[in-house]
Amino acid sequence: MTKVPGSGKKFSHMLPGQHVYHGILFFGFSPPDTLEAVREFGVRGEDVFIVTYPKAGTTWMQEIVWLLLNDADFAGAAASPVYMRSPFLEFKDDVLKEVGLDIAEAMPSPRVIKTHLPLKLMPKQLFEKKPKVIVLFRNPKDVCCSYYNFYRSSSSFGDFQGEWPQFLDMFMEGHVDHGSWFDFTKSWWPLNGSDNFRFVFYEDLKMNLLEEVKKLALFLGKTDLSPEMLTKISDHCSFESMKTNPMTNHEDVYSIDSSVSPLLRKGTVGDWKNHFTVQQNEDFDREYKEKMSECSSPIPFKYFIEKEDE
Ligand SMILES: Nc1ncnc2c1ncn2[C@@H]1O[C@H](COP(=O)(O)OS(=O)(=O)O)[C@@H](OP(=O)(O)O)[C@H]1O
């Protein structure tokens with residue numbers, strides 16, 4: 001068991017290469033100096049932030065929003081990977097020598113900026129500059145399965161060799177990169193309904209992508225895009241299309257071994273049923289209620305299940 005200096009908090013599952021920042025576990029590609037710099041990041045009113053817990057469908061939303069803001073510029077989207085067009089704020093890649101912050105700073109507006117940070121670690125100017133913020137949620141059981149397969153396939157994640165029950169434990173404890181899903185969710189969900197904020201569910205994107213693309217276009221003020229263009233964006237962002245597109249299926253960044261599990265793996269709703277035992281599912285439901293009860297207006301878990309059953 002590793003004790004976190006000064007916090008009194010114990011991390012039972014620390015993997016090589018992880019560090020703790022403000023009580024949250026991160027790998028080396030979000031080092032403390034980058035996380036410090038994020039707080040001072042110069043936000044612009046024209047920015048669009050895509051806020052997600054890892055594995056909620058971030059890349060999907062980045063591609064949709066980038067195309068909407070750039071008038072369906074498919075040639076531009078084919079010319080560079082989505083992570084260069086839509087920088088990952090707190091990400092520093094030693095191989096590419098790229099820091100999301102630097103890419104973002106050098107970019108013209110409007111910028112589409114990805115982050116997995118909880119509210120307390122966001123740039124200080126977030127509320128002052130009033131950028132648009134899209135917060136995307138996904139059933140945490142599916143998030144956990146996707147994250148587990150990602151950890152297994154990527155050597156950048158502490159060379160994780162564990163099995164599903166161990167990962168589930170890590171997830172429930174928040175001992176994974178970017179910390180607890182529950183803490184992340186509790187930090188953002190109370191902003192649902194605020195001006196400039198739009199909350200979206202992965203399950204809704206799956207159910208009717210075109211409808212969600214239309215709603216996002218309205219939110220972003222892109223009322224000039226024709227119905228044909230919106231349909232083209234929706235088609236371009238289907239799972240099958242993004243999986244075969246090297247600009248969105250960028251497995252090189254995290255050294256992913258796709259023979260273990262690809263980055264765009266299944267892209268489905270309800271894959272958790274292939275991972276959880278009955279007991280694990282009951283334990284999860286109980287802990288969800290307990291952990292979310294601290295939230296004044298928690299997302300009812302029913303929401304995810306209803307989407308699944310439809
Ligand atoms: N177009 C489209 N349609 C449906 N699903 C999609 C799509 N693009 C990405 N995905 C799925 O999103 C999961 C990866 O999540 P993220 O992009 O958030 O990962 S990351 O944290 O930013 O690395 C991962 O989920 P799983 O397949 O369940 O592992 C991806 O397959």
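Buried means under 20% relative accessible area, exposed means over 50%, and partly exposed lies in between (1.4 Å probe, protein chains only). The model is predicted: local features need pLDDT of at least 70, side-chain atom pairs count only at pLDDT 80 or more, and totals for chains, interfaces and linings use all residues. Residues are numbered from 1 along each chain as its sequence is written, and side-chain values use heavy atoms, with hydrogens and water left out.

View A. A salt bridge is a side-chain nitrogen of Lys or Arg within 4 Å of a carboxyl oxygen of Asp or Glu. K291 is partly exposed because its relative accessible area is 22%. E287, at 21%, is partly exposed too.

**View B. The salt bridge between E63 and R85**. The N to O distance is 3.1 Å. This pair links distant parts of the chain, with E63 in helix α2 (residues 58–69) and R85 in helix α4 (residues 82–85), 22 residues apart. E63 has a relative accessible area of 0% and is therefore buried. R85 counts as buried at 5% relative accessibility.

View C. A search of the whole structure finds 14 salt bridges.

**View D. An open sheet of 4 strands with parallel pairing**. The strand order is β8-β5-β9-β10, where two strands pair if DSSP finds at least two bridges between them. The edge strands, β8 (112–115) and β10 (197–201), each pair on one side only. Neighbouring strands are turned by 20° against each other on average, direction ignored. Strand β5 (residues 48–52) runs parallel to β8 and is joined to β8 by 4 bridges. F49 has I113 in β8 as its bridge partner.

**View E. Helices α9 and α11 on the sheet**. Helix α9 (residues 181–188) lies across β5, β9 (132–137) and β10, at about 140° to β9. Axes are lines fitted to C-alpha atoms, for helices over the stretch in contact, and angles run from 0 to 180 degrees between N-to-C directions. Helix α11 (residues 209–219) packs on the sheet and touches β9 and β10, contact meaning heavy atoms within 4.5 Å. The direction of α11 makes about 170° with that of β10.

Definitions and conventions. Helices (H or I, at least four residues) and strands (E, at least two) are DSSP runs, numbered from the N terminus.
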